[in-house]
Amino acid sequence: MATTPLTLRELSKKEVLLTAGHRMCSGCGAPPVVKMVLLASEYPVVAANATGCLEVCTCISEYTAWKIPWIHSAFENAAATIAGVETMYRSLKKQGKIDKEIKFIAFGGDGGTYDIGFQSLSGAMERGHDMLYICYDNGAYMNTGIQRSSATPFGADTTTCPAGSVVPGKLQKRKDITKIMAAHGIPYAAQASPSHWQDLMKKVKKALEIKGPKFMNIIAPCNRGWRSATDDAILLSRLAVETCYFPLYEVENGATKITVTPREKKPLVDFLKPQGRFKHMFAPENEWMLKQAQEDVDKEWEKLQREAKASEVS
């Protein structure tokens, strides 16, 4: 089994496989996520990338920020694309035409994962391809104008569910994509955050050592869509974990394990206040929204704790 160095000293010696000079927004949470994922691998990696912020801004015409074999797929089929490449690789290996151990990763935003790409992702997971799918979750269709997606949290103000006198932002809860993927019976599914880089990279390392389909959902703040400061990506990622809005856990062979438990569970408002998309929720007439959002987070956190405890017992 390959070992991944997880000390900063050792990581600093490794080549960063997503170069500087790309056109992602200043302070975007996605590039750090991609860098961490690629640094965690001890193997050559081939990646597919769904249409979205990451794809549009890292490969312009003949210029690319990727220092690995990289394929731009349509919005809806990154999982199918990398599944096809992985199938070809297995065939070539069987024929003795290649003997190198290669890993296959698909990257997609929440729009290309939760929604538009869900069909091909579900299919690839069900077929059992040896691949890792990474969703960088910024909670909306940021690339095309900040429209709501099924990853958009309750109450958020977006261009397709604008907060106003009639509708106070998005009224639906976000889809629990990680548990949906785990329900496919795949060997590994997890959530991670760039604020907890060791946890994130250990999970990538583990996923790449496991044969079969794997899924990771990684929070990636977007200051443009979240209406937050350009230097708040890591702060907000950390607050998402500490408030249990975005808990860090893994489901390995059906067993749930919480990998980071906050020392002190902070109130959800600590995560909401720095983001302009939730500003309207702090108006007196919308206090019910803050109450409901907190209750929803508490309920899901308690449920996750029960699932983890049950896994320990079994």
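**Cavities and aromatic contacts**

The second largest cavity holds about 40 Å³ of space. In this predicted model, the residues lining that cavity are Asp137, Asn138, Gly139, Ala151, Arg174, Ile219, Trp226, Tyr245, Phe246 and Arg277. By class, its lining comprises 5 nonpolar, 2 polar and 3 charged residues.

The structure contains 2 cavities of 30 Å³ or more. The volume of the largest cavity is about 100 Å³. Its lining is made up of 15 residues, and Gly52, Cys53, Ala140, Tyr141 and Met142 are those nearest the centre of the cavity. This lining divides into 6 nonpolar, 8 polar and 1 charged residues.

The aromatic side chains come next. Across the whole structure, 8 aromatic pairs are found. One of the pairs is formed by phenylalanine 75 and tyrosine 141, and it is classed as edge-to-face because the ring planes stand at 75 degrees, with the ring centres 6.1 Å apart. This pair links distant parts of the chain, 66 residues apart: phenylalanine 75 belongs to the loop between strand 4 (70-72) and helix 4 (78-94), whereas tyrosine 141 belongs to the loop between strand 6 (131-137) and helix 7 (177-182). Phenylalanine 75 has a relative accessibility of 21% and therefore counts as partly exposed. Tyrosine 141, at 14% relative accessibility, counts as buried. Tyrosine 141 is also one of the residues nearest the centre of the largest cavity.

A further pair joins tryptophan 226 and phenylalanine 271; the ring centres are 5.9 Å apart and the planes lie at 85 degrees, so this pair is also edge-to-face. Here too the pair links distant parts of the chain, with tryptophan 226 in helix 9 (residues 223-226) and phenylalanine 271 in helix 11 (residues 269-272), 45 residues apart. Tryptophan 226 is buried, because its relative accessible area is 2%. Phenylalanine 271 likewise counts as buried, at 0% relative accessibility. Tryptophan 226 also takes part in lining the second largest cavity.

Elsewhere, ring pairs connect Trp66, Trp70 and Phe107 into a cluster.

Lysine side chains also meet aromatic rings. Lysine 103 is placed over the face of tyrosine 43, at 4.7 Å from the ring centre. Lysine 175 is placed over the face of phenylalanine 118, at 5.0 Å from the ring centre.

Methods. Residues are numbered from 1 along each chain as its sequence is written. This is a predicted model: local features need pLDDT of at least 70, side-chain atom pairs count only at pLDDT 80 or more; totals for chains, interfaces and linings use all residues. Side-chain values use heavy atoms; hydrogens and water are left out. On a 1 Å grid over the protein atoms alone, a cavity is a set of points where a 1.4 Å probe fits but cannot get out, and a pocket is an open set with protein on both sides within 12 Å along at least five of seven lines; lining residues have an atom within 4 Å of a point. Grid points are joined across faces, edges and corners, and a volume is the space filled by probe spheres set on the points. Ala, Val, Leu, Ile, Met, Phe, Trp, Tyr, Cys and Pro count as nonpolar, Asp, Glu, Lys and Arg as charged, and the others, Gly among them, as polar. Rings of Phe, Tyr and Trp (its six-membered ring) pair if their centres lie within 6.5 Å; planes under 30 degrees apart count as stacked, over 60 as edge-to-face and the rest as tilted. Helices (H or I, at least four residues) and strands (E, at least two) are DSSP runs, numbered from the N terminus. Buried means under 20% relative accessible area, exposed over 50%, partly exposed in between (1.4 Å probe, protein chains only). A charge sits over a ring if NZ of Lys or CZ of Arg is within 6 Å of the ring centre and within 35 degrees of the ring normal.
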